[in-house]
Amino acid sequence: MKKDLRIGLLFALPWILGFIIFLAYPVLASLYYSFTNFSILREPSYVGADNYAELASDTVFHKALINTLIYAVGAVPLSTVVAIGLAMLLNTKVKGMSYYRTIFFLPSLVPMVALGTLFLWIFNGDYGLLNEGIRAANLEPPNWLGDPAWSKSTLMLISMWGCGQAMVIYLAGLQNVPVSLYEAADLDGAKLGKKIWNVTLPMLSPVILFNVVMGIIGALQVFAVPYVMFPGGAPARSTYFIASYLFDNAFQYQRMGYASAVGWVMFIITLVLTLLALKMSDRHVHYETE
Amino acid sequence: MGKRKQIQTALTHVALILLSVVFALPLLWMLSTSLKPISETLTTPPKWIPTQVMWSNYPDAINYNSKQLGYIPFLVYMRNTVVVTILCIVGSVTSNALVAYSFSRLRWAGRDAFFGLTVATMMIPFPVLMVPTFTLFRYLGWVGSFKPLWVPAFFASAFSIFLLRQFFRTIPMELSEAAKLDGCSEFRIFTDVIVPLAKPALMVVALFTFMGSWNDFLGPLIYLVDQNTFTLALGLSAYQTQHGGTPWNLLMAATLLVILPILIVFFFAQKLFIQGIATSGFK
């Protein structure tokens with residue numbers, strides 16, 4: 001027994017150390033830092049809940065928080081619907097399926113910075129491909145990058161373009177749905193819409209839950225693409241997100257204690273939303289009994 | 001019924017073709033722009049095929065000399081990125097394989113509880129960890145070096161452990177027991193029995209690590225100071241800090257060069273990629 005434990009721990013050692021050094025310690029340290037005044041130039045000094053009190057009345061933080069929530073509320077459902085739609089189309093087993101799959105999947109491989117650069121060009125108000133297309137249709141194109149009313153939509157559209165990974169997971173989920181369920185629905189004379197609603201979506205629900213939770217966690221940390229495309233959260237701070245504010249506090253304003261408080265608020269929001277998603281799913285997610 | 005089915009199939013094809021145009025267009029536009037002379041990047045209506053294919057944009061992008069930023073050492077960025085990525089892959093594959101072996105094929109007290117905790121840590125947003133991790137690396141004097149970018153890879157990660165454990169569990173225990181009867185130590189069983197059988201899964205971890213490290217932006221942004229230590233992701237963001245008169249053709253050529261290695265790897269390992277991602281969604 002004792003020998004088993006020793007060997008087990010020995011093999012797990014890299015992770016035991018990694019867990020302590022790169023997870024447990026930073027989480028606890030950042031909790032402690034969030035109650036201090038702290039920068040590179042000076043040791044942390046305890047200030048009680050001052051940082052949190054300041055956050056409560058910090059209008060820039062509120063703006064960043066609201067921006068992040070709006071982005072998450074827009075981007076997560078949009079990518080979910082698109083990813084499921086694409087997966088369903090691919091699951092019809094049409095000819096050339098692997099080519100289509102590759103085309104839909106490829107964009108999700110593009111590095112964030114490259115993605116930002118590419119879309120700066122596509123969404124360019126004057127010469128961008130997208131607005132050329134809109135003008136060709138005789139419509140008035142929006143200023144995607146310069147108008148605060150559109151900047152967040154730009155980021156949501158970009159996130160949709162990268163939904164390939166979720167799509168692949170949905171596709172695998174769809175392929176696991178027993179054919180017999182569809183055959184039974186056929187015998188009952190069910191139409192396509194009914195089959196999707198009563199067979200496909202319930203069977204897919206655990207996978208949807210997984211992707212939505214991962215999507216929420218990712219959306220709340222959105223950073224690189226806006227950082228590249230919208231320096232300083234321009235226009236009018238409409239693309240300034242929690243992660244941007246945390247980064248600026250930690251590495252631009254030298255306020256690491258305050259940044260840690262921002263981080264903990266972000267952590268708590270992530271936890272609450274994740275638990276909410278799990279709770280709401282209780283009634284709707286169907287797990288196959290083994 | 002037959003006719004209805006035909007219409008359905010036709011509609012599916014139309015939808016797939018239209019959608020693949022939408023998804024492929026940005027990448028094709030990048031390719032087209034990267035091969036244009038600068039005068040043709042700003043034409044209305046946009047030109048898809050350049051009158052003169054400018055292959056020279058690629059060497060020009062690599063040797064780009066910006067007015068505001070000076071010379072951008074693209075090849076140095078490339079070398080830095082390759083070094084960091086290789087170290088990350090080596091570290092991640094070895095450490096995660098060992099740890100996943102422990103979590104799936106060894107029995108020890110507290111194993112499953114610790115694994116549950118491990119999976120739960122995937123919920124922790126990276127930015128929360130950023131400040132203390134930075135302070136730690138600063139204390140070690142590693143800021144400005146590559147170490148903060150690759151050393152953590154040698155200490156495994158929750159996601160890869162999870163992925164490998166899924167796979168290791170499917171290997172019959174009888175194989176380990178037979179090897180044990182032959183007098184093999186656990187380490188020998190690991191290296192001679194499990195690792196050879198788990199090659200596809202290890203490749204998946206290597207691929208994901210490659211992607212993560214090649215694409216990493218926040219890490220280099222925080223830790224790298226000197227321009228000569230920049231990685232591609234960070235270096236690319238430097239191309240467009242200048243405003244007005246962006247040489248879009250060169251910028252798109254540089255962007256394409258950053259993406260290219262990923263595309264090449266993807267085309268060689270497409271099946272592994274797809275399978276790896278698909279399994280990540282299932283418990």
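Q: How many residues of chain B are in contact with chain A?
A: 71 residues of chain B are in contact with 74 residues of chain A; contact here means C-beta atoms, placed from the backbone, within 7 Å.

Q: Which helix gives the largest share of that side of chain B?
A: H1(B), with 14 residues. Helices are DSSP runs (H or I, at least four residues), strands are E runs of at least two, and both are numbered from the N terminus.

Q: And how do the residues on that side divide?
A: Into 51 nonpolar, 17 polar and three charged. Nonpolar covers Ala, Val, Leu, Ile, Met, Phe, Trp, Tyr, Cys and Pro, charged covers Asp, Glu, Lys and Arg, and the others, Gly among them, count as polar.

Q: Before we go on, is this model predicted or what, and how is the numbering done?
A: It is a predicted model: local features need pLDDT of at least 70, side-chain atom pairs count only at pLDDT 80 or more, and totals for chains, interfaces and linings use all residues. Residues are numbered from 1 along each chain as its sequence is written, while chains are lettered from A and ligands numbered from 1 in the order in which they are written.

Q: Okay, chain A now. At what angle do H3(A) and H12(A) cross?
A: The axes of H3(A) (residues 59-90) and H12(A) (residues 242-251) cross at roughly 145° and come within 8 Å. Axes are lines fitted to C-alpha atoms, for helices over the stretch in contact, with angles from 0 to 180 degrees between N-to-C directions.

Q: Which residues make the contact?
A: From H3(A), Val60(A), Phe61(A), Ala64(A), Leu65(A) and Thr68(A); from H12(A), Ile242(A), Ser244(A) and Tyr245(A). By class, that contact has six nonpolar, two polar and no charged residues.

Q: What about strands: in which sense do E1(A) and E2(A) pair?
A: Antiparallel, over three bridges; pairing takes at least two bridges found by DSSP. A hairpin through two residues joins E1(A) to E2(A), and Thr36(A) stands opposite Tyr46(A).

Q: Last one: why does Leu28(B) count as exposed?
A: Because Leu28(B) has 12 C-beta neighbours inside 10 Å. Leu28(B) lies in helix H1 of chain B.

Notes: Two residues are in contact if their C-beta atoms, placed from the backbone, lie within 7 Å. A residue is buried if 20 or more other C-beta atoms lie within 10 Å of its own, exposed if 12 or fewer, and partly exposed in between; C-beta atoms are placed from the backbone.
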